[in-house]
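Colleague: Hi! Could you walk me through this model?
Modeller: Happy to, here it comes.
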Amino acid sequence: MKKVKVIKVDADKCNGCRACEAICSAFHANPKYSSNNPERSRIRILFNPLKDVYMPVFAGEYTPSECMGRNVYTIDGKQYDECSFCRASCPSRNLFKEPDSGLPLKCDMCESDPPLAEPMCVQWCLSDALTYEEREEEGEEEPQASEMELGLESLADKYGMDKITDAVARMSKKS
Ligand code: SF4
Ligand code: SF4
């Protein structure tokens with residue numbers, strides 16, 4: 001059996017306070033809680049007070065290529081910009097990228113040791129727009145790529161594997 005972790009989003013309850021962005025970026029800072037920059041958060045709020053749009057979106061997979069097209073959604077009379085609901089860290093936008101390095105960000109459900117009872121964004125969402133559930137399903141746990149592996153993959157896509165290997169070899173000679 002494998003454990004499936006689910007964060008349910010009730011967008012009607014989101015008031016755009018962005019506490020989730022603040023705590024996610026602080027929890028993942030190195031050292032932990034040493035900084036607080038929403039651009040480093042793995043949850044971002046689609047935020048447009050004039051249109052009454054507050055929609056939490058979680059960072060998903062890294063992808064080296066753009067989509068072939070774009071989608072525009074209209075829900076309850078509100079039109080959402082292209083790519084609004086896409087979770088990918090992709091080349092067509094700056095969302096879900098570490099702002100200094102450009103490396104991809106991905107929600108890791110706040111994996112930590114010891115484990116948290118609930119992810120940090122859920123704990124800090126005082127409006128209950130985010131709620132957490134776990135369930136068990138048939139199947140094996142899939143090994144997840146580590147943050148370092150994700151970063152290396154994106155660097156290899158950008159610069160080529162040979163350059164990465166050369167750089168690592170030079171660095172290991174220095175140390
Ligand atoms: S903490 Fe909750 S209410 Fe505040 S922006 Fe995030 S999801 Fe919305
Ligand atoms: S579950 Fe954790 S890593 Fe994912 S968005 Fe929420 S605070 Fe960030």
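Modeller: One term before we start: a residue is near a molecule if its C-beta atom, placed from the backbone, lies within 6 Å of it. This is a predicted model, where local features need pLDDT of at least 70, side-chain atom pairs count only at pLDDT 80 or more, and totals for chains, interfaces and linings use all residues. Residues are numbered from 1 along each chain as its sequence is written, while chains are lettered from A and ligands numbered from 1 in the order in which they are written.
Colleague: Great. How many residues surround ligand 1, and which are the closest?
Modeller: There are 15 around ligand 1, and the closest are Cys14, Cys17, Cys20, Cys125 and Ala129.
Colleague: Which elements each supply at least two residues of that shell?
Modeller: Those are α1 (19-27) and β3 (53-58). Helices (H or I, at least four residues) and strands (E, at least two) are DSSP runs, numbered from the N terminus.
Colleague: And how does the shell around ligand 1 divide by class?
Modeller: Eleven nonpolar, three polar and one charged. Here Ala, Val, Leu, Ile, Met, Phe, Trp, Tyr, Cys and Pro count as nonpolar, Asp, Glu, Lys and Arg as charged, and the others, Gly among them, as polar.
Colleague: What surrounds ligand 2?
Modeller: Its shell includes Cys24, Cys107, Cys110 and Cys121, along with Arg42 and Asp108. Both α1 and α2 (120-124) give two or more residues to the shell around ligand 2. By class, that shell has ten nonpolar, no polar and two charged residues.
Colleague: Changing topic, what are the domains?
Modeller: Domain 1 covers 2-143 and domain 2 covers 145-175; the bounds come from an automatic or database domain assignment. Their C-alpha centres lie 26 Å apart.
Colleague: How many residues are in contact between them?
Modeller: Five of domain 1 with five of domain 2, contact meaning C-beta atoms, placed from the backbone, within 7 Å.
Colleague: And how do α3 and α4 cross?
Modeller: The axes of α3 and helix α4 (residues 161-174) come within 7 Å and cross at roughly 115°. Axes are lines fitted to C-alpha atoms, for helices over the stretch in contact, and angles run from 0 to 180 degrees between N-to-C directions.
Colleague: Which residues make that contact?
Modeller: Leu152, Leu155, Ala156 and Tyr159 of α3, and Met161, Lys163 and Ile164 of α4.
Colleague: Is α4 largely buried or in the open?
Modeller: Zero of the 14 residues of α4 are buried, so α4 lies largely in the open. Buried means 20 or more other C-beta atoms within 10 Å of a residue's own, with C-beta atoms placed from the backbone.

Notes
Contact = placed C-beta atoms within 7 Å. Buried ≥ 20, exposed ≤ 12 C-beta atoms within 10 Å, placed from the backbone.
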